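Some terms used for a protein structure rest on a value and a cut-off. Here a few such terms are questioned in turn.

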Number of protein chains: 2
Amino acid sequence: MTNRALIICNGEPPTRRLVRKLASHADLIVAADGGANAARLYGIRPHIIIGDLDSVSATTKRVFASSSILRVRRQDNTDLEKALDYLVSKSIKNVCIVGATGRRIDFTFGNLSVIWNYTSRMRITFVGDGWKAMPVESGKEVRAKVGTTVSLIPFGPCSGITLKGLRYPLTNATMKVGEIGVSNIVKRSPFSITVRRGNMLLFIMDRA
Amino acid sequence: MTNRALIICNGEPPTRRLVRKLASHADLIVAADGGANAARLYGIRPHIIIGDLDSVSATTKRVFASSSILRVRRQDNTDLEKALDYLVSKSIKNVCIVGATGRRIDFTFGNLSVIWNYTSRMRITFVGDGWKAMPVESGKEVRAKVGTTVSLIPFGPCSGITLKGLRYPLTNATMKVGEIGVSNIVKRSPFSITVRRGNMLLFIMDRA
């Protein structure tokens with residue numbers, strides 16, 4: 001059963017070593033448009049390339065001539081959304097995303113914003129060099145080395161926030177737009193985060 | 001009257017040329033903590049350095065020994081918030097921010113999130129190489145070259161969104177968390193954006 005997917009987006013990918021490791025754990029590798037160029041440079045053959053294909057280089061197209069290509073010309077969603085829609089159609093439950101940040105700042109914010117349409121159907125983790133980001137779905141227990149820096153960024157108002165096992169704990173707190181919680185520290189692993197209402201993104205900074 | 005401030009944050013600063021140009025137009029230059037290191041490398045003397053000063057190098061401290069230093073040890077807000085609080089106390093109405101993005105991804109998201117506490121009191125623009133970002137305050141007319149890419153990222157639900165002068169216009173639309181509008185194109189300058197309710201960040205990508 002295919003259950004774990006890796007999406008390679010067209011931002012700045014993490015190191016070759018990290019992407020290859022994630023690819024080796026994935027049942028399905030999806031290149032979101034120009035992410036295929038990074039896959040080629042890293043020697044990773046995606047099972048499918050999805051997007052309007054305006055960012056895939058001629059060399060990449062030639063090298064991956066035998067990969068499936070799903071050309072979606074819709075202008076009203078992003079290449080990451082096209083890739084996630086495909087994974088929803090395949091009932092994939094665990095998705096790791098690399099290359100979602102860097103290069104264009106609007107795409108960085110856009111890529112980490114669009115996931116809220118998918119979080120009820122799949123578990124999503126963004127991975128970069130030295131960091132991970134994931135949406136907090138109601139309650140979450142997370143393993144991390146004691147001393148690790150974690151940050152919380154609300155996307156819209158959040159309430160019923162309880163943090164346990166962190167240096168600055170919270171109990172049933174609220175955060176509105178403009179309030180953030182950066183540079184909290186893991187005191188106990190697993191630590192736990194509960195958000196009863198709202199969309200909260202958790203960053204785990206392994207190398208902060 | 002001091003009316004225009006430049007804040008230099010501790011992320012990746014834009015080019016020396018751009019930061020020096022912005023500094024030359026500013027009445028007041030504030031280095032947010034480690035942003036002072038970038039100011040020194042660019043040959044810009046900040047009027048004041050604000051933060052808990054844990055990121056200012058020894059060399060920077062020595063070179064800027066004559067600059068004012070405001071050491072704020074509060075742990076519950078960021079260096080950018082400390083700098084913005086200072087500018088509020090000085091009734092500054094126009095603030096340009098550089099170095100807010102890059103390096104730590106949690107700070108990138110955090111820095112562009114905290115401004116919503118300040119937008120009723122000052123006009124804020126983030127500037128990077130080839131891009132600008134600014135909160136849309138109810139109605140906004142923006143001059144930009146025809147063909148420029150613009151993107152809209154809502155921070156929480158937004159309603160009453162009207163876009164005029166862009167390739168993909170909107171009339172009294174709503175966007176919820178997870179919906180974004182990347183890669184719209186300027187058809188007519190000035191174009192206009194109205195958001196009746198909610199927090200919307202506008203990105204102008206001069207080099208997309």
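The questions below concern a predicted model.

Q: What makes helix 5 of chain A roughly perpendicular to helix 5 of chain B?
A: The axes of the two helices, residues 105-114 in each chain, come within 12 Å and cross at roughly 90°. Angles of 65 to 115 degrees count as roughly perpendicular, so helix 5 of chain A is roughly perpendicular to helix 5 of chain B.

Q: Which residues make this contact?
A: Helix 5 of chain A contributes A:Ile105, A:Thr108, A:Phe109 and A:Leu112, and helix 5 of chain B contributes B:Ile105, B:Thr108, B:Phe109 and B:Leu112.

Q: Why is the relation between chain A and chain B that of a two-fold axis?
A: Chain B is superposed on chain A by a rotation of 180° with 0.0 Å of shift along its axis, and the RMSD is 0.0 Å. That is why the relation is called that of a two-fold axis. The same surface serves both copies, as 100% of the contact residues of chain B recur in chain A.

Q: Which residue of chain B comes closest to the rotation axis?
A: B:Gly156 does, with its C-alpha at 1.8 Å.

Q: Which residues in helix 4 of chain A are called buried?
A: In helix 4, residues 79-89 of chain A, the buried residues are A:Leu80, A:Glu81, A:Lys82, A:Ala83, A:Leu84, A:Tyr86 and A:Leu87. The term is used for a relative accessible area under 20%.

Conventions. Residues numbered from 1 in each chain as written. Chains lettered and ligands numbered in written order. Predicted model: local features only at pLDDT ≥ 70, side-chain atom pairs only at ≥ 80, totals over all residues. Heavy atoms only, no water. Axes fitted to C-alpha atoms, helices over the stretch in contact; angles between N-to-C directions. Helix = DSSP H or I, 4+ residues; strand = E, 2+ residues; numbered from the N terminus. Parallel < 35°, antiparallel > 145°, perpendicular 65-115°, else oblique. Contact = heavy atoms within 4.5 Å. Least-squares fit on C-alpha atoms with pLDDT ≥ 70 in both. Buried < 20%, exposed > 50% of the residue type's maximum accessible area, 1.4 Å probe, protein only.
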